[in-house]
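Please view the sequence and the structure together.

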Amino acid sequence: MGHGEKDTTEITNPQFPISNPQSPIPNLQSSNIQGFIFDLDGVLTDTAELHYLAWKKLADEEGIPFDREANEALRGVSRRASLMLILGDKPYSEAQIQEMMERKNRYYVELIQNMTPQDLLPGAIALLDELRQAGIKIGIGSASKNAQTVIERLGIADKIDAIADGYSVQEPKPAPDLFLYAAKQLGIEPEQSVVVEDAAAGIEAALAAGMWAVGLGPVERVGAAHVVLPSLEGITWADLREQLSHVSRQKR
Ligand code: B16
Ligand code: MG
């Protein structure tokens with residue numbers, strides 16, 4: 001098989017075990033998709049700035065250099081793993097680590113109290129409403145232990161069928177556990193699920209879970225997703241269904 005040629009035998013997608021490799025690739029049928037699992041920070045709202053301000057305050061207090069560029073690496077990363085990235089190889093005791101995580105969280109919790117439905121990112125509410133009308137289930141798959149509060153502040157709690165958050169599973173993204181937990185809560189199979197994510201670790205987690213992945217942001221960050229979009233602005237369920245059905249066969 002020459003380089004760049006497409007053939008059904010190249011497809012090794014675990015969700016579609018093709019018993020006869022010569023048979024046609026099962027096209028994505030919109031009717032197969034039963035649910036969407038949205039990441040929260042960076043997808044439905046932009047708390048990255050608030051996380052940054054909280055980490056920055058802590059870093060300043062500790063005399064550790066930290067800036068917005070460094071904050072980018074913390075996107076979708078759990079609280080503990082974020083702190084480890086900020087601390088680098090400086091030695092701290094477990095008690096100090098715990099105290100710093102709690103302190104940063106206090107700063108962050110204070111900041112999210114000011115959130116309102118105005119903090120939903122463009123396109124988010126329209127897509128949530130359209131999906132609900134189409135009978136698609138909606139879950140949240142967020143690494144954050146504050147996801148419940150953020151959802152309430154955003155005023156979307158009544159649109160969400162299940163929440164998988166920082167309390168739901170042990171293994172953080174890029175492990176598939178969080179999204180698998182969310183799909184289970186929604187009562188759907190992984191291959192019936194679409195994950196919408198802004199972080200590389202989240203896309204990796206979605207693919208590891210055997211789900212469809214929609215990445216929001218630059219290709220360098222979320223290029224592994226089946227479909228990459230700049231944001232949810234102007235995106236409809238019909239658009240997405242169309243785009244997913246044209247996914248490059250190589251990616252499946
Ligand atoms: P918390 P997501 C993630 O949320 C954030 O992107 C990440 O910056 C944060 O450290 C993590 O949640 C944990 O949040 O400290 O509130 O438990 O993108 O998975 O919705
Ligand atoms: Mg995120």
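## Elements and conventions

Helices (H or I, at least four residues) and strands (E, at least two) are DSSP runs, numbered from the N terminus. P174 falls in the loop between β3 (162-164) and α7 (177-186). K173 and P174 are joined by a cis peptide bond, with omega about 15°.

Residues are numbered from 1 along each chain as its sequence is written, chains are lettered from A and ligands numbered from 1 in the order written, and side-chain values use heavy atoms, without hydrogens or water. The model is predicted: local features need pLDDT of at least 70, side-chain atom pairs count only at pLDDT 80 or more, and totals for chains, interfaces and linings use all residues.

## Shell around ligand 1

The shell holds 19 residues, near meaning a heavy atom within 4 Å. V77, S142, A143, S144 and K145 come nearest.

Domain 1 (2-46 + 120-251) and domain 2 (48-112) both contribute to this shell, so ligand 1 lies between them. Domain bounds come from an automatic or database domain assignment.

## Polar contacts and cover

A polar contact here is a pair of N or O atoms within 3.5 Å. Oxygen atoms of ligand 1 take part in several. A side-chain N or O atom of D41 is 2.9 Å from one ligand oxygen. For G76, a backbone N or O atom lies 2.9 Å from a ligand oxygen. For R79, a polar side-chain atom lies 2.8 Å from a ligand oxygen.

On its own, ligand 1 has 470 Å² of accessible area (Shrake-Rupley, 1.4 Å probe), and the protein covers 97% of that area. Two elements give two or more residues to the shell: α3 (79-87) and α4 (94-112).

Notes:
A polar contact is a pair of N or O atoms within 3.5 Å; within protein, one must be able to donate a hydrogen and the other to accept it, and residues adjacent in sequence count only if both atoms are side-chain atoms.
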